[in-house]
Amino acid sequence: MDSDHRENGDSTHNLVSKKPKLSAFISEEEIRREFSHHQHGIARINNGSFGSCPTSIIAAQKEWQLRFLQQPDDFYFNHLRKGLLESRTVVKELINADSVDEVSLIDNATTAAAIVLQQIGRAFAQGKFQKGDAVVMLHCAFQSVKKSIQAYVTQSGGSVIEVQLTFPLNSKEEIVSEFRKGLEKGKSNGRHVRLAIIDHITSMPCVVVPVAELVKICRQEGVDQVFVDAAHAIGSVPVDVKEIGADFYVSNLHKWFFCPPSVAFLYCRNSPLSSEVHHPVVSHEYGNGLAIESSWIGTRDYSSQLVIPSVLEFVNRFEDGIEGIMTRNHDNVVQMGEMLAKSWGTNLGAPPDMCASMIMVGLPSRLCITSEKDTERLRSYLRVHHGIEVPLHYQAPTDVECAPRDKDGLITGYARISHQVYNSFDDYFKFRDAINQLVEQRRTCKMLFTE
């Protein structure tokens, strides 16, 4: 087994190319076939929640699953570790990490939050940090991250500072200014900020955060550790972990990088802290470093991690590879967001340069969205009666005088639309027409039924 450990942690491997090598790029017809398993008749403009996996990758995953089922012992001793090392090497090259040993494959960003926050919680419990020392985070951090802080940090004596961001946002300077205030608050009364959690792309409402700039500020202000929750990043925005400079960086590979669910990478910058970071599921690899611990957490299906090289081949079928996909998704989602805002007489939630493959679009005030229940009712109605899948957000106005308005009143509801390679403009026209129909019929959210 010792030789297996060394093999899995070996940092020498052939480099992978991010650029396509094919002479002919994938055609529109081939794209349609790759996603022909999607339910027909549904305007699926919510790639951000669960991602999408092409048919060819599903087939590759089934091959890995069958290899295990045919001969589990041979698979475990002769194929699993080599396959995972190849996948980790692909990720290392994509994110510009120094070493493959800094890259661990895990289930999702929620698992990464547990890994990082358990380490922080242990430091409080062991007396390495003082009671009341702070964790600073954005108020719109994903709910599972907040729950992990509650479970591991606050129960061990840590305090939490939530940086309140306004929405809609007009510039990245607004984020930077509020983040500085949060760090100042975290350092008040002689406390230390032990961890800053920064979203690369917030989930709801969505906006691209100037993450490298915020990490730099953390270093200037003496923050011990920085964890970037970039669940939506890889495949949506360029990722260079050395340029970003965080201690920990996680991104889901099943959201915007076409992997089957669920798989994510967690980058842990090599440092004296590395030996303190462990996978929350303890197996016999415990103590061999997080990357090795994560490579075997008991008998389970590892196929979603093993198909990463196949996914790289898939994205390289597109012109300019993953960079080209990101650019086209961004341009198309901005175009469709502006089309919807113009049709409804509303606004975008952030400037286009603060959006990636998702954008927030204001909903007409005549829908009378006054609570999250209203957005849930409208979302269900759109799914059941119009075949539209799109997440919606209620934004309570904090300053009525400055809040965005349309011709009928305050805009308090937003749609988060996504664009991925399988989407067509007809998906967004369908959404546009459904909302316009409700407005024309003078129907509010509280009048909608989904039965």
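Where is Asn423 found?

Reply: This is a predicted model. Asn423 is found in a loop. That loop runs between strand 14 (413-418) and helix 16 (425-440).

Asn423 has a relative accessible area of 9%. The cut-off for buried is under 20%, so Asn423 is buried.

Next, look at what surrounds the residue. Asn423 touches Arg44, Ile45, Ser418 and Tyr428, leaving aside residues up to four places away in sequence. A polar atom of the Asn423 side chain lies 2.9 Å from the backbone oxygen of Arg44.

The largest nonpolar core has 119 residues. Phe431 is among the residues with the most contacts inside this core, along with Ile95, Leu378 and Ile417. Helix 14 (residues 321-344) gives the core its largest share, ten residues.

The buried ones are Ile308, Pro309, Val311, Leu312, Phe314 and Val315. Helix 14 is one of the elements that cover them. Others among the cover are helix 2 (28-34), helix 4 (55-70), helix 5, strand 2 (103-106) and helix 12 (303-306).

Take helix 5 from that list. Two packed helices are described by an angle and a distance between their axes. Helix 5 (residues 72-95) packs with helix 13 (residues 308-315) at an angle of about 45°, and their axes are 8 Å apart. That angle makes helix 5 oblique to helix 13. On the helix 5 side, the contact uses Glu86, Ser87, Val90, Val91 and Leu94. These meet Ile308, Pro309 and Leu312 in helix 13. By class, this contact has six nonpolar residues, one polar and one charged.

Arg442 is found in the segment after helix 16. Most residues other than glycine have a negative phi. Arg442 is not a glycine, yet its phi is positive, about 55°. At 62% relative accessibility, Arg442 is exposed, whereas Asn423 is buried.

Cys368 also has a positive phi of about 55°, and it is not a glycine either. Cys368 is found in the loop between strand 9 (358-362) and helix 15 (372-386). Its relative accessible area is 37%, so Cys368 is partly exposed.

Most peptide bonds are trans. The bond from Phe167 to Pro168 is cis, with omega near 0°. Pro168 is found in the loop between strand 4 (159-163) and helix 8 (172-186). Pro261 and Ser262 are also joined by a cis peptide bond, with omega about -5°. Ser262 is found in the loop between strand 7 (248-252) and strand 8 (264-268).

Technical notes:
Residues are numbered from 1 along each chain as its sequence is written. This is a predicted model: local features need pLDDT of at least 70, side-chain atom pairs count only at pLDDT 80 or more; totals for chains, interfaces and linings use all residues. Side-chain values use heavy atoms; hydrogens and water are left out. A nonpolar core is a set of buried Ala, Val, Leu, Ile, Met, Phe, Trp, Tyr and Cys residues joined through side-chain atoms within 4.5 Å. Buried means under 20% relative accessible area, exposed over 50%, partly exposed in between (1.4 Å probe, protein chains only). Helices (H or I, at least four residues) and strands (E, at least two) are DSSP runs, numbered from the N terminus. Axes are lines fitted to C-alpha atoms, for helices over the stretch in contact, and angles run from 0 to 180 degrees between N-to-C directions. Angles under 35 degrees count as roughly parallel, over 145 as roughly antiparallel, 65 to 115 as roughly perpendicular and the rest as oblique. Contact means heavy atoms within 4.5 Å. Ala, Val, Leu, Ile, Met, Phe, Trp, Tyr, Cys and Pro count as nonpolar, Asp, Glu, Lys and Arg as charged, and the others, Gly among them, as polar. A polar contact is a pair of N or O atoms within 3.5 Å; within protein, one must be able to donate a hydrogen and the other to accept it, and residues adjacent in sequence count only if both atoms are side-chain atoms.
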